[in-house]
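Open the structure in your viewer and keep the selection tool at hand. The stops below say what to select and what is there.

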Amino acid sequence: MSGPSKKVVDVAFKASRTVDWDGMAKLLVSDEARKEFATLRRAFNEVNAQLGTKFSQEPEPIDWEYYRKGIGSRLVDMYKQAYESIEIPKFEDKTTPEYKPKFDQLLVDLKEAEQQSLKESERLDKEIADVQELKKKISTMTAEEYFEKHPELKKKFDDEIRNDYWGY
């Protein structure tokens, strides 16, 4: 195998090794997302299989001598000359340069979204821990202890009492 088809197969093979399908599958939460992910993975594997078989094989060399014996050298030489004169154009990738910057920007956006997600996850974990702590202490906690953790509520209640607003 040589030329562009070998490059395509090599890139596809490397891509299939670097994709962490199991790691990505663990991140999915909805059944619809899992279904779409399975479809994507199946399509990816089918394309890789086609690239690995259909385009990776070199054509078998033609045994010109075999045909010369059966058909005659004049006709076979004419076909051989025509066969050897065929030039297969090299693949010129015009799509990658167009979409490479967009893809790179998507990777940057993905990293930013990942960082924001991690920050939000940390915040939510802290909030969950606070709520669980509050849940454990709620039966024995005094109003002063609660207001120490939530001074904005104490200020709001004090303002309501001061303004003689009792919620009706």
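Start at the largest pocket, which holds about 340 Å³ of space. A pocket is, on a 1 Å grid over the protein atoms alone, an open set of points where a 1.4 Å probe fits, with protein on both sides within 12 Å along at least five of seven lines; lining residues have an atom within 4 Å of a point. The volume is the space filled by probe spheres set on the points, which are joined across faces, edges and corners.

This is a predicted model: local features need pLDDT of at least 70, and side-chain atom pairs count only at pLDDT 80 or more, while totals for chains, interfaces and linings use all residues. Residues are numbered from 1 along each chain as its sequence is written, and side-chain values use heavy atoms, with hydrogens and water left out.

Select Leu27, Phe103, Leu106, Leu107, Leu110, Lys111 and Glu114 to see the pocket lining. Helix α6 (residues 95-137) supplies the largest share of this lining, 6 residues. Helices here are DSSP runs of H or I with at least four residues, numbered from the N terminus.

Stay on α6 and select arginine 123 and glutamate 127, which lie 4 residues apart, about one turn of the helix. Their side chains meet in a salt bridge (2.8 Å, N to O). The term means a side-chain nitrogen of Lys or Arg within 4 Å of a carboxyl oxygen of Asp or Glu. Arginine 123 is partly exposed, at 42% relative accessibility; buried means under 20% relative accessible area, exposed over 50%, and partly exposed in between (1.4 Å probe, protein chains only).

Next, select glutamate 133 and lysine 137, another salt bridge, with the closest N and O atoms 3.2 Å apart.

Lysine 155 is exposed, at 53%, whereas aspartate 159 is partly exposed, at 26%. After α8 comes aspartate 164, whose phi is positive, near 55°.

For the last stop, select Ile62, Tyr66, Tyr67, Ile71, Leu75, Met78, Tyr79, Tyr83, Ile86 and Ile88, which make a nonpolar surface patch of about 1,100 Å². Such a patch joins nonpolar side chains (Val, Leu, Ile, Met, Phe, Trp, Tyr) within 5 Å, from residues with over 30% relative accessible area and no salt bridge. Areas come from the Shrake-Rupley method with a 1.4 Å probe. Helix α5 gives the most to the patch, with 4 residues.

Technical notes: Patches are made of residues with over 30% relative accessible area and no salt bridge: like charges are joined within 9 Å, nonpolar side chains (Val, Leu, Ile, Met, Phe, Trp, Tyr) within 5 Å. Helices (H or I, at least four residues) and strands (E, at least two) are DSSP runs, numbered from the N terminus.
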